[in-house]
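Here is a short briefing on one protein model. Keep the structure open as you read.

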Amino acid sequence: MGSTGDTTWQALAAAKREAILGSIPEKWRLDKIPTVDEQRNVTDAYIRQFLSPKESEITETDAVGIVEKTTSGAWSAVEVAEAFCHRASLSHQLVNCLHETFFDAALSDAKELEDWFAEHGKPKGPLHGLPVSLKDQFHVKGVDTTMGYVGWIDTFQGQKGDPRSKTFESEMVRELRNLGAVLYCKTAVPHTLMCGETVNNIIEYTWNPTNRHLSSGGSSGGEGALIALRGSPGGFGTDIGGSIRAPSSFNGLFGLRPSSGRLPYEGMANSMDGQNSVLSVVGPLATSAGGVKLLTKAILSAEPWLHDPLVAEIPWRADVEAQTRDRIASSQLRVGFHAHDGAITPHPPLQRALSLLRDIISRSGNQVLDWQPPASVSHPTVADLVAKTWIYDGGADVRKDFALSGEPWDPRILDIWQERPQADATSIAETNLALRKCRKEYLDYWNSTGADVFVTPCAPFTAARPGRYDYIGYTSFVNGLDLPSAVVPITTVDKNVDKFDSGFVPVSELDRKIQSDYDPEIYDGAPVSLQIVGRRYQEEKVLAIAEWLEAELKKASHTS
């Protein structure tokens, strides 16, 4: 990024913002961005008007379908890459979802894949020619990693003159390249990463493309928005409190929060690095459950445990997947339903989605049951323990990064960065013991139910309204228990059906406030999703169930 001579944070942020826009080829620039009143939903037909029929066909094919075409030679890697570079460019202009583009490098990589295919007569790997987007925590050689901080511009994680800024790549980036993926952009995050909305002083705010009254979620909100606009068939985000699941849920996508140690995190930028009580994990988001499975299986096929010391040696287990399908087919699946965590009431569309999914599973002959863990391990109780781990250092890490430029943090960022005493070894040990006790008690409860998985919302709202993401307990408990969770889109908000419950009785003032945020007119058309939570390291099971439910929901929509 060139220098203008003005080194205020405002000028640096503005210059970077313009550089991102300037990286988009002139031929792909939009003359006018409609207001939300003019065009609430900028996905599907709206964005399609700027694309050729072939570009639309390519970009509206899911990851599995794309790989079928590129590995057979039906589509070239270059034409696929260019189509997604174009659609990603349009997506950013509409909702502010990108931090970095490197289209020329992507097209060069795609050409090398074409040459490989021509020379060897076979694909380079299971992701041959598949464009994959990355949350801006991944290091890619020659590309900035700002993570939303102005002070990280033109540095390596805030360190000026560090040669790694030009050469270093995260472990998963190396693996994706070897698997044949084409990397072409990095997506927006909230500075600190600790926010359910994607906002920073560089790109400002990332909107939900299906309903631009709403947030795209966070912290992988750029991924969620880009994939919802089909500017990417699939990509990777991270999750320490809901940061894969909220964007997946809010944008009507499939997403996977795996157990810690299943997929490689080595060499990625992060906030609060070294806090190991509750680890951030990396996982995929995609337009189909099959796309999420494809990305997960591909990374595991690269044997990441050989290169990341925190990854467990657990290859993809086809037998677990097959056993799950057999349980479904023989009506032996048991699914718990957790409709209310005792603290905050889900909005009406989510209650309808829970009922809809419960009916689908019951009609299939499989079993449903109520999921209500003991009070000692209630989801809010676990979520409170998770929140303690985020303030071990008293906010020193993120305040250091804000101080690099003098920029302020956005008021929507979680209010945990005010200076406070750092936790001592005794208090950290107490939190670790409390988490371990919760995990044991929760495991005992699970064993008593005989359930395979349970279903619950990802948030009390289908998506947050700006500045109103006031509760994260529906996702962060999963992180505290370290369970795999897959997000499945269920339906969309219908203002004529999803009415506010006039008889609603709140359990707290916060419950009243969050319920009052629901406005059927504002939320109309927004995606409504739920998460499937499984036992630790049962990613194959939750994804098999997600694929089954995806098919069942499609059948239900065709017959309704």
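This is a predicted model: local features need pLDDT of at least 70, side-chain atom pairs count only at pLDDT 80 or more; totals for chains, interfaces and linings use all residues.

**Nonpolar cores**
- The largest nonpolar core has 109 residues. Leu 176 and Phe 236 touch the most other members of this core.
- Look at Leu 176 in detail. Not counting residues up to four places away in sequence, Leu 176 touches Leu 127, Val 132, Leu 134, Ala 181, Leu 183, Phe 236 and Ile 299.
- There is also a second, separate core, with 36 residues. Among them are Leu 193, Tyr 205, Trp 371 and Leu 481.
- In soluble globular proteins, nonpolar side chains tend to be buried together.

**Where H16 meets H17**
- Two packed helices are described by the angle and the distance between their axes.
- Helix H16 spans residues 425-449. Helix H17 spans residues 473-481.
- The axes of H16 and H17 come within 9 Å. They cross at roughly 95°, so H16 is roughly perpendicular to H17.
- From H16, the contact involves Leu 435, Cys 438, Arg 439 and Tyr 442. From H17, it involves Phe 477, Asn 479, Gly 480 and Leu 481.
- Five residues of this contact are nonpolar, two are polar and one is charged.

- Is Asn 479 buried or exposed? Asn 479 counts as buried because its relative accessibility is 1%, and the cut-off for buried is under 20%.
- Which residues does Asn 479 contact, leaving aside neighbours within four places in sequence? They are Asp 239, Ile 240, Gly 241, Gly 242, Arg 245, Arg 257, Val 278 and Arg 439.
- Arg 439 belongs to H16.

**The buried side of H18**
- Helix H18 covers residues 509-516. Its buried residues are Asp 511, Ile 514 and Gln 515.
- These residues cover an arc of only 100° around the axis, so they lie on the same side of H18.
- What do the buried residues of H18 pack against? They pack against helix H13, residues 348-363.

- Asp 519 sits in the loop between H18 and helix H19, residues 520-523.
- Asp 519 has a relative accessible area of 26%, which means that it is partly exposed. That class lies between the cut-offs of 20% and 50%.
- Asp 519 and Ile 244 are 275 residues apart along the chain. Their C-alpha atoms are separated by 25 Å.

Methods: Residues are numbered from 1 along each chain as its sequence is written. Side-chain values use heavy atoms; hydrogens and water are left out. Buried means under 20% relative accessible area, exposed over 50%, partly exposed in between (1.4 Å probe, protein chains only). Helices (H or I, at least four residues) and strands (E, at least two) are DSSP runs, numbered from the N terminus. The arc is that of the directions from the helix axis to the C-beta atoms. Contact means heavy atoms within 4.5 Å. Axes are lines fitted to C-alpha atoms, for helices over the stretch in contact, and angles run from 0 to 180 degrees between N-to-C directions. Angles under 35 degrees count as roughly parallel, over 145 as roughly antiparallel, 65 to 115 as roughly perpendicular and the rest as oblique. Ala, Val, Leu, Ile, Met, Phe, Trp, Tyr, Cys and Pro count as nonpolar, Asp, Glu, Lys and Arg as charged, and the others, Gly among them, as polar. A nonpolar core is a set of buried Ala, Val, Leu, Ile, Met, Phe, Trp, Tyr and Cys residues joined through side-chain atoms within 4.5 Å.
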